[in-house]
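Hello,

Here is the structure we discussed handing over. My notes on it follow below.

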Amino acid sequence: MDLYVIIRRNGWASADDLERAAARSTEEGDKDGSGVRWIRSYVLAEDSGEVGTVCIYEAESPEAIRNHAAAADLPVDEIVRVADTVVVRPDPAPATA
């Protein structure tokens, strides 16, 4: 499997909508033969007030990602294969409310 970045701009009206989408994504991705493995996502605060995501997946192919997105009713704006990873610092701890 290769590593991919999936960009989903303005995908959800609210954080609650995104949470429901994440549950669907997990359910579909956990199925045998899905060809994808969700690694992590960064949630984007869009200028429109909606939320988007930049997601990191392992997948057999871009087609496997598109099939997964269709089955989970997720938008996909762009899929890019990762050539390499450079970690300067670990991700910061999530902000607390």
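Where is the place of histidine 68? Histidine 68 sits in helix 2; helices (H or I, at least four residues) and strands (E, at least two) are DSSP runs, numbered from the N terminus.

This is a predicted model, in which local features need pLDDT of at least 70 and side-chain atom pairs count only at pLDDT 80 or more, while totals for chains, interfaces and linings use all residues. Residues are numbered from 1 along each chain as its sequence is written, and side-chain values use heavy atoms, with hydrogens and water left out.

Histidine 68 has a relative accessible area of 5% and is buried (buried is under 20% relative accessible area, exposed over 50%, partly exposed in between, with a 1.4 Å probe and protein chains only). Neighbours within four places in sequence aside, histidine 68 is in contact (heavy atoms within 4.5 Å) with Ser25, Glu28, Gly29, Val36, Tyr57 and Leu74.

Glutamate 46 is in the loop between strand 2 (36-45) and strand 3 (51-59) and is buried, at 8% relative accessibility. With neighbours within four places in sequence again left out, its contacts are Arg8, Arg9, Asn10, Val51 and Gly52. A polar atom of the glutamate 46 side chain lies 3.1 Å from the backbone nitrogen of asparagine 10.

Asparagine 10 belongs to strand 1 (residues 2-12) and is partly exposed at 35%. Its phi is positive, about 50°, although asparagine 10 is not a glycine.

Aspartate 73, also not a glycine, has a positive phi near 55°. Aspartate 73 lies in the loop between helix 2 (62-72) and strand 4 (78-81) and is exposed, at 58% relative accessibility.

Regards

Note on methods. A polar contact is a pair of N or O atoms within 3.5 Å; within protein, one must be able to donate a hydrogen and the other to accept it, and residues adjacent in sequence count only if both atoms are side-chain atoms.
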